[in-house]
Amino acid sequence: MKKCKAHIAMEERYSKLELDYDSLEEKKLICDSVNDLVAKYQISPQITIEPKEVGKGEYVIEFHDDYDKKAGPFFEELIERLGVSCD
């Protein structure tokens, strides 16, 4: 993915990853990758998709009370799969 950017915020047991997408193809790639990794890691993060306009928006993944620290490896693998840059 060329244009997609990631923004990460992490505190004690809270983690958040925001992925900006600029096309429906990018959005589908994010959705498919997240679904694959949710099954792999057997987790259930809170997911919100916030459209900004047709084909553009923000895909937000949040972990609340992440006692097992699964968010870090999940985010790392997702970012690697998508080939995005992080801020």
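**Close-ups of a predicted model**

**View 1. Helix α2 and its buried side.** Buried residues in α2 are A71, F74, F75, E77, L78, I79 and L82, where buried means under 20% relative accessible area, exposed over 50% and partly exposed in between (1.4 Å probe, protein chains only). An α-helix has 3.6 residues a turn, so residues three or four places apart point the same way. With 12 residues (71–82), α2 runs 16 Å from first C-alpha to last, close to the 16 Å expected at 1.5 Å a residue; that expected span is 1.5 Å times one less than the number of residues. Helices (H or I, at least four residues) and strands (E, at least two) are DSSP runs, numbered from the N terminus.

**View 2. Two loop residues with positive phi.** Most residues other than glycine have a negative phi. Q42, not a glycine, has a positive phi of about 50°; look for Q42 in the loop between α1 (24–41) and β3 (46–53). Q42 is exposed, at 69% relative accessible area. D65 has a positive phi too, near 55°, and sits in the loop between β4 (56–63) and α2. At 48%, D65 is partly exposed.

**View 3. E18 in strand β2.** E18 belongs to β2 (residues 15–21) and is buried, at 18%. Its contacts (heavy atoms within 4.5 Å), leaving aside neighbours within four places in sequence, are K5, A6, H7, E58, Y59 and V60. A polar contact of 3.0 Å links the E18 and K16 side chains; such a contact is a pair of N or O atoms within 3.5 Å, and within protein one must be able to donate a hydrogen and the other to accept it, while residues adjacent in sequence count only if both atoms are side-chain atoms.

**Notes.** In this predicted model, local features need pLDDT of at least 70 and side-chain atom pairs count only at pLDDT 80 or more, while totals for chains, interfaces and linings use all residues. Residues are numbered from 1 along each chain as its sequence is written, and side-chain values use heavy atoms, leaving out hydrogens and water.
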